[in-house]
Amino acid sequence: METASSELWRVGVLAIQGAFAEHKRMLQMAAAQLGQAARIVIIEVRKLDQLAGLSGLIIPGGESTTMSKFLEQNGFDMSLKSWINKGHGVVWGTCAGLILLSNQLEGQKIGGQVIIGGLDVTTLRNSFGRQVDSFETKVVLKEPALHSNQSEVTMGSHAPMTTSQCRVHPDEYYGIFLRAPKIVSVDSTEVKVLAEVETQGKTEVVAVQQDNMIATTFHPELTTDTRWHCYFLTMCMNQL
């Protein structure tokens, strides 16, 4: 049911490269589930002046070096840093978006790359391998707000390599990892771990939050489960 409030929230998806159309689709689905479809406006952001008035911004996956060059050449990097630091809205980076938001980066190409920074984590590019090494697995959700209120969740995948169905428990999520980066270390107590996976006998952090920033190494926009997009939109709507 829609609420009586007439307030509008403008939420952007950086539409330079990557799965921005998929993020937009999932945001629309999440807004409907939250009963706010008429009050959340989703915008494809390609120009600096479109940052004004946003309550949130998603930086999608893609090729992080290519994205960083575009951001630098068009003045986006400094504008995004200012927008984030001043707390104008919530920013969510997925995969390459995480790389751009990390304060420390390992495995850069020769010559390095521009990063936006803000998240006190160290991230390793393409840690899980090349495109052929992409995989899907269950993710353990450490944040209760991301848990499902159903006893079991059946969700599908829109990823290019599969159309599989997966059944997960309420505190789990079906994660799709495409040339995924790895969060090598969490470098501040201000960073909250949102999700982890077990891989090769080790626990890996795959999602974090710090202040008005969240980041995931995997691609929630390629599934049919809207929980991450609902979490992001709720943060945007709670912005002062």
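Contact means heavy atoms within 4.5 Å. The legends below describe a predicted model.

**View 1. Phenylalanine 232 and its contacts.** Leaving aside residues up to four places away in sequence, phenylalanine 232 touches Val11, Leu27, Gly56, Leu57, Ile58, Val90, Val91, Trp92 and Ile214.

**View 2. The largest nonpolar core.** This core has 34 residues. Val139, Trp228 and Phe232 have the most contacts inside it. Helix 5 (residues 227–237) supplies the largest share of this core, with 8 residues. Another core, of 27 residues, lies apart from it and includes Leu100, Ile183, Met213 and Ala215.

**View 3. Leucine 51 in a loop.** Leucine 51 sits in the loop that runs between strand 2 (40–45) and strand 3 (54–59). Is leucine 51 buried or exposed? Its relative accessible area is 6%, so leucine 51 is buried, since buried means under 20%. Leucine 51 and glycine 89 are 38 residues apart in sequence, and their C-alpha atoms are 9.6 Å apart in space.

**View 4. Cysteine 95 and cysteine 230.** Cysteine 95 has 5% relative accessibility and therefore counts as buried. Cysteine 230 is buried as well, because its relative accessible area is 13%. How many disulfides does a search of the whole structure find? The search finds 0. A disulfide is a covalent bond between the sulfur atoms of two cysteines.

Technical notes. Residues are numbered from 1 along each chain as its sequence is written. This is a predicted model: local features need pLDDT of at least 70, side-chain atom pairs count only at pLDDT 80 or more; totals for chains, interfaces and linings use all residues. Side-chain values use heavy atoms; hydrogens and water are left out. A disulfide is a pair of cysteine sulfur atoms within 2.5 Å. Buried means under 20% relative accessible area, exposed over 50%, partly exposed in between (1.4 Å probe, protein chains only). Helices (H or I, at least four residues) and strands (E, at least two) are DSSP runs, numbered from the N terminus. A nonpolar core is a set of buried Ala, Val, Leu, Ile, Met, Phe, Trp, Tyr and Cys residues joined through side-chain atoms within 4.5 Å.
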